[in-house]
Amino acid sequence: MTTNPILEIRNLHKRYGDVEVLKGVDCSMQRGDVVCVIGSSGSGKTTMLRCINMLEEFSDGSIRIDGEDIGYELRDGRRQRKSEKEVARQRALTGMAFQQFNLFPHMSAAENVMLGLVKVKKMTRDQARAVAEKWLDRVGLLSRRDHYPGQLSGGQQQRVAIARAIAMSPRLMLFDEVTSALDPELVNEVLVVIQDLAREGMTMLLVTHEMRFAFEVSTRVIFMNQGRIGEEGDPKEMFLRPKSERLAEFLKNSSFH
Amino acid sequence: MDYALNFAAVWRSFDKLLQGLGLSLLLAVGAIAIGVAIGLVLGFALVSRHTAARQLARCYVTVIRNTPILVLVLFVYFALPDLGLQLEGVESFVLTLAVYSGAYLAEVFRAGLLSVPQGVREAGQAIGLTRWQINASIVGPLMLRNVLPSLGSTIISLFKDTSLAAVIAVPELTFEARKINIESFRVVETWIVASLLYVGTCTVLAALLRRVERRLAVPR
Amino acid sequence: MDFSFAQFLHELWIARVPLLQGVGITIASAALAIVAGTVLGVFVGLALTYGAAPLRLAVRGYTDFIRGTPVLVLVLASYYILGTAGIQLGPLQAGVLALAVFCSSHVGEIVRGALQAIHKGQIEAAKAIGLTFSQTFVSVLMPQAIRQILPTWVNTAAEMVKASTLLSIIGVGDLLLASQEVISRTFMNMPFYLFAGFLYFAINFGIERFGRFVERKTHIPS
């Protein structure tokens, strides 16, 4: 009996009008994989990430999470979009942390984490509070649980955002350049949290510019270039002995040594 | 309800409506011109260092802004004669609308003045300009550019307020429309046309004001 | 002036009932118009923000037309048109209808502005945790929008109290009309117009104060 890959992307295409941003991407991830996606802006890496939780519609191809078709299905021989309710339910299979954190400013840290637990997982407020506090503690911010986002630093906000996402027990965590908007001295506290989560076996897909992190923590690196996967493999192999010229160029320009 | 739309009666008196509109515009221009003067003085007073000036200006603005314009119109036309100031309809209304505009424009100019960075003033002082010169040559022009959008919408709002003149029998657009309505019984048509005239004029005014904004904008 | 302050107080006392009734009608008509106008205005705002293109166009046409028309014209039109149409609505109802329509166009703009000012990332974060649109609207969008809407809405409410004076023109017995009736009896123009003005000022000033209180109470700590 083979276990389903957690994530299976086949022939993913995305068009914005006349421009094709994803030109047939294939990717698969097993439980516990930590995959970093690197590439220059416009390579399609963020778009691919956002297709996985249907923040972007995709034009062709398929995405499966734990064996389940995401967003679209074949009905009466035609590719049709699933209902909004179904899509919302599927979005809860993944968790996402954003570059701009996107915490709800009118709610405390704890309430931010609790919202999904109460509304989507249908927990009682007490149950949700207990789970929220557990995860806030996990990211080192239990003492800030009643603080509002406006009262927290960037690094703290991002950690709360990560707690908000993992508290939903997603099968797969998506990270969209989560340190790019942080002051340099605040980046590390976030990377430490992500590293811990990786060590504990969380399945993660990260779009990132943090080359050192990708090198040290990921089980696999994907280099995207102009809507396609340029190169893929073990980070140590890829970074020290890039096979393609474009990857070599990219690594040179991204101050990785 | 058997009511067949028939614009004939309204078309026959269309010239009266246009005359009314003309008077509305004249009232607006007259009142706003005076109102801008009042508003500029009050605007500067509201941000002044002299507490007395600030408080007096604040009083004026607060009282006028919290009083319904209709009450002001009736007060000036019916109550001021008790003090010896008897004015004809047109003059009475222009005076009222000017005083009214002054209060609203004061706030617009105050916001504009506050938006001029302090550094600009200090630069003027550093070259040795007097406070008066700084205000006139530097702060004033800068403030006016910042203020154009909200100045524009306030002016359009004040133009619509000229309809209140109808209450003291000044033959502007609303007064004429009401007359036509009463004489012809064409209720729907009269008011649709009157409304369209107002909406049309406001649209033209808005377009003109945008033109002015673009002309005066600092090149970037 | 050929009457004293004492005479004014005397006449004020005689007219206290109709004047108080006038105040009652002013507040009631303004309140009705504000409530109806706000409810309608929220739908207008939602349509302008989330509606399909044809709906947005139609609603935009509606708001542009209403906002380009003076309130007095709306009131008169409502009064004369409804009167002729045989719809048995008195001047009060016709007037309140006109004011409510006027209010809705302003509230619609306010709601639209507040909703569009919310960062897109908020909707994305809500989607990412699996919230449906209605859950997102209730828990994430509206609470943030309300904070921006409230101060401006209180302003609109004050405008409606001032606009209620226009109902006196179509014969509704509000404070202004009641004052005018006292004046026509006593010829005391100055004192009673001042008095009416003062009452309107007091009501609006109270609303303004209330607005600032509400703004303080709903402030998000930062």
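Accessible areas are here those given by the Shrake-Rupley method with a 1.4 Å probe. In this predicted model, chain C exposes about 10,100 Å², and carbon and sulfur atoms supply 69% of that area.

**Chain C**

The chain has 9 helices and 0 strands, so that its elements read α-α-α-α-α-α-α-α-α from the N terminus on. Further values for chain C are collected below.

| Property of chain C | Value |
|---|---|
| Box filled by the C-alpha atoms, along the principal axes | roughly 75 × 50 × 25 Å |
| Share of the 222 residues that count as buried | 52% |
| Share joining residues at least 24 apart, among contacts between residues at least 6 apart in sequence | 76% |

**A patch involving chains B and C**

B:Ile192, B:Leu196 and C:Phe65 make a nonpolar surface patch of about 230 Å². Of these residues, B:Leu196 lies in helix H9 (residues 187-216) of chain B. Its relative accessibility is 47%, and B:Leu196 therefore counts as partly exposed, a class that lies between under 20% for buried and over 50% for exposed.

**The sheet of chain A**

Chain A contains an open sheet of 4 strands in the order S2-S1-S4-S5, with antiparallel pairing. Strands S2 (19-29) and S5 (68-69) of chain A each have a single partner strand, so both stand at the edges and one side of each is left without a neighbour in the sheet. Helix H1 (residues 45-52) of chain A packs on this sheet and touches S1, S2 and S4 of chain A; the direction of H1 makes about 115 degrees with that of S1(A). Within the sheet, S1 (residues 7-16) and S4 (residues 60-65) of chain A run antiparallel and are joined by 5 bridges. A:His13 stands opposite A:Asp60 in S4(A).

Conventions
Residues numbered from 1 in each chain as written. Chains lettered and ligands numbered in written order. Predicted model: local features only at pLDDT ≥ 70, side-chain atom pairs only at ≥ 80, totals over all residues. Heavy atoms only, no water. Pairing = 2+ DSSP bridges. Helix = DSSP H or I, 4+ residues; strand = E, 2+ residues; numbered from the N terminus. Contact = heavy atoms within 4.5 Å. Axes fitted to C-alpha atoms, helices over the stretch in contact; angles between N-to-C directions. Patch = residues over 30% accessible without salt bridge, like charges linked within 9 Å, V, L, I, M, F, W, Y side chains within 5 Å. Salt bridge = Lys/Arg side-chain N within 4 Å of Asp/Glu carboxyl O. Buried < 20%, exposed > 50% of the residue type's maximum accessible area, 1.4 Å probe, protein only.
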